[in-house]
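Hi everyone, thanks for making time this morning. I'd like to walk you through one model, so please have a look at it before I start.

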Amino acid sequence: MTQETRDRLIEAAARTLREEGYVGTSARTIARAAGVNSALVFYHFGGVDQLLLAAFDRSAEARMAAYQEKVAQVRTLEELVAVATEIYRADLEGGHITMVSEMVGASVAKPELRAEIVKRTDPWIDFVEATLERVIGGSPLAKLLPPRELAYASITFYLGVNLFTHLDADRTRTEALFDLAGRVAPRAKLLTVRLPRRRG
């Protein structure tokens, strides 16, 4: 029953954050959505923020597993842009972008929450870097845009797009950015040709 209650609270926390936003999320609203006593939020997690981070982690773990599988077959920059666009749309439709935006927004006024969010971006930076290294490593493009720095830029872009999505009601401007990336990728093909290693 204890694990079942924790699971219900985590699911309810994610749903409440997506639907009500951080400001509208409290122990009472989460407990009501889970059908349990609000005291259980504190008993199982120690507080609302800790519960929200647990919900954030569960969403991130599921996404990481799914996206690792998606990018495993990617071999070209064009394929990578296509998959990145697909991932963005999946995060948007699945409500994860709303969760990220709400938690990042809340962290502005809460340094302790900010540190937790930053810590949770590290696995994603490593994931993006490893993918970029596999796709463009050893190429002129990688020399121009090293995978680690490009991974930082990608995560920064993703966070910015998350926040901007709430202002871009019909999504035309954010979609235009991905369309642009899709048009640029084939033109950058020559830059992704790996250079032969020097002998000697």
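Predicted model: local features only at pLDDT ≥ 70, side-chain atom pairs only at ≥ 80, totals over all residues.

Residues are numbered from 1 along each chain as its sequence is written, and side-chain values use heavy atoms, with hydrogens and water left out.

Now the overall picture. Taken along the principal axes, the C-alpha atoms of the protein chain fill a box of roughly 70 × 40 × 30 Å. Of the 200 residues, 42% are buried, where buried means under 20% relative accessible area, exposed over 50% and partly exposed in between, using a 1.4 Å probe and protein chains only. For contacts I take heavy atoms within 4.5 Å. Among contacts between residues at least 6 apart in sequence, 69% join residues at least 24 apart.

Let's turn to helix α6, residues 96-107. How do α1 and α6 pack? Helix α1, residues 2-20, meets α6 at an angle of about 80 degrees, with the axes 9 Å apart. Those axes are lines fitted to C-alpha atoms, for helices over the stretch in contact, and angles run from 0 to 180 degrees between N-to-C directions. That makes α1 roughly perpendicular to α6, because angles of 65 to 115 degrees get that label, while under 35 is roughly parallel, over 145 roughly antiparallel and the rest oblique. On the α1 side we find Ala-14, Leu-17 and Arg-18, and they meet Thr-98, Met-99, Glu-102 and Met-103 in α6.

Next comes α4, residues 48-71, whose axis comes within 11 Å of that of α6 and crosses it at roughly 140 degrees. The two helices are therefore oblique to each other. The contact is made by Leu-52, Leu-53, Ala-55, Phe-56, Ser-59, Ala-60 and Arg-63 of α4, together with His-96, Met-99, Val-100 and Met-103 of α6. Sorted by class, this contact has eight nonpolar, two polar and one charged residues. In that scheme Ala, Val, Leu, Ile, Met, Phe, Trp, Tyr, Cys and Pro are nonpolar, Asp, Glu, Lys and Arg are charged, and the others, Gly among them, are polar.

Ser-107, in α6, is buried at 6% relative accessibility. The side chain of Ser-107 reaches the backbone oxygen of Val-104 at 2.6 Å. Setting aside neighbours within four places in sequence, Ser-107 is in contact with Leu-113, Arg-114 and Ile-117.

Is Asp-91, our second residue, buried or exposed? Asp-91 sits in helix α5, residues 77-94, and is buried, with a relative accessible area of 1%. Not counting residues up to four places away in sequence, Asp-91 touches Arg-63, Tyr-67, His-96, Ile-97 and Tyr-158.

Last, Arg-28 in helix α2, residues 27-34, counts as exposed at 61% relative accessibility. From C-alpha to C-alpha, Arg-28 and Ile-125 are 35 Å apart in space, and 97 residues separate them in sequence.

Notes:
Helix = DSSP H or I, 4+ residues; strand = E, 2+ residues; numbered from the N terminus. Polar contact = N/O pair within 3.5 Å; in protein donor to acceptor, adjacent residues only side chain to side chain.
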